[in-house]
Amino acid sequence: MLGSWTIGRAAAWIALFFALALPLSVLAQDMTLTLNAQPGTFTGKWVYRSFSVSSKPGDTLAKLALGLNELELTEQNGRIVGKRIGQGVNYDLSGIARYIARQGATIRLTGQATISGKTYNYDYFGYLIPAWSVNGAAQPDTIMGTVLRSDPANPSDAPLIASFAATRE
């Protein structure tokens with residue numbers, strides 16, 4: 001009886017040691033989380049993906065996927081102009097960027113597109129999320145946000161509301 005108690009106790013101490021050592025090994029890595037909030041940050045090409053908003057756990061990513069395009073943006077003095085390009089949808093965008101020290105950067109864009117002969121208004125709002133850098137591997141700048149597509153010919157119709165992610169190319 002005493003021998004099995006000693007082995008069990010030793011096993012518990014070993015398990016505790018590894019449970020405590022694992023977080024220390026993670027902390028020992030060269031990790032930084034950077035909030036890039038410098039004017040001009042939004043200039044460049046971005047891979048854009050949009051997704052339906054759903055609270056159904058069974059909905060797959062394939063079912064939720066809406067758009068895969070590119071954004072080409074130019075920012076100057078807080079003003080942004082650009083284009084959304086791809087999948088038969090090409091339209092101009094314009095808007096603003098806001099930077100708040102120690103809080104981050106936001107983007108607000110609007111555009112209008114004709115799809116299958118119907119004109120839609122698009123409104124985008126996004127946050128530039130903090131980026132991880134771990135042992136020299138860096139996450140590219142990423143904007144996470146929402147997009148609203150409305151029908152100007154039928155303003156009482158419910159708009160399409162989606163989420164989007166845009167990652168710097």
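Biologist: Is E72 buried, partly exposed or exposed?
Modeller: In this predicted model, E72 counts as partly exposed, because its relative accessibility is 29%, and buried would need a value under 20%.

Biologist: And which residue does the E72 side chain meet in a salt bridge?
Modeller: The side chain of E72 meets that of K45, with 3.8 Å from N to O. The pair links distant parts of the chain, since K45 sits in strand 2 (residues 44–52) and E72 in strand 3 (residues 65–76), 27 residues apart. K45 is partly exposed as well, with a relative accessible area of 43%.

Biologist: How many salt bridges does the count come to?
Modeller: The count comes to six salt bridges. Among them is the one between D151 and K118, whose side chains meet at 2.8 Å, N to O. This pair too joins distant parts of the chain, with D151 in the loop between strand 10 (142–150) and strand 11 (160–168) and K118 in strand 7, 33 residues apart.

Biologist: Where does D151 stand, buried or exposed?
Modeller: D151 counts as buried, because its relative accessibility is 10%, whereas K118 is partly exposed, with a relative accessible area of 31%.

Biologist: Changing topic, which residues form the nonpolar patch on the surface?
Modeller: The patch is formed by M31, L33 and W132, which together have about 290 Å² of accessible area. M31 belongs to strand 1 (residues 31–34), and this residue counts as partly exposed, because its relative accessibility is 31%.

Definitions and conventions
Residues are numbered from 1 along each chain as its sequence is written. This is a predicted model: local features need pLDDT of at least 70, side-chain atom pairs count only at pLDDT 80 or more; totals for chains, interfaces and linings use all residues. Side-chain values use heavy atoms; hydrogens and water are left out. Patches are made of residues with over 30% relative accessible area and no salt bridge: like charges are joined within 9 Å, nonpolar side chains (Val, Leu, Ile, Met, Phe, Trp, Tyr) within 5 Å. Accessible areas come from the Shrake-Rupley method with a 1.4 Å probe; for residues, only the protein chains shown count as cover. A salt bridge is a side-chain nitrogen of Lys or Arg within 4 Å of a carboxyl oxygen of Asp or Glu. Helices (H or I, at least four residues) and strands (E, at least two) are DSSP runs, numbered from the N terminus. Buried means under 20% relative accessible area, exposed over 50%, partly exposed in between (1.4 Å probe, protein chains only).
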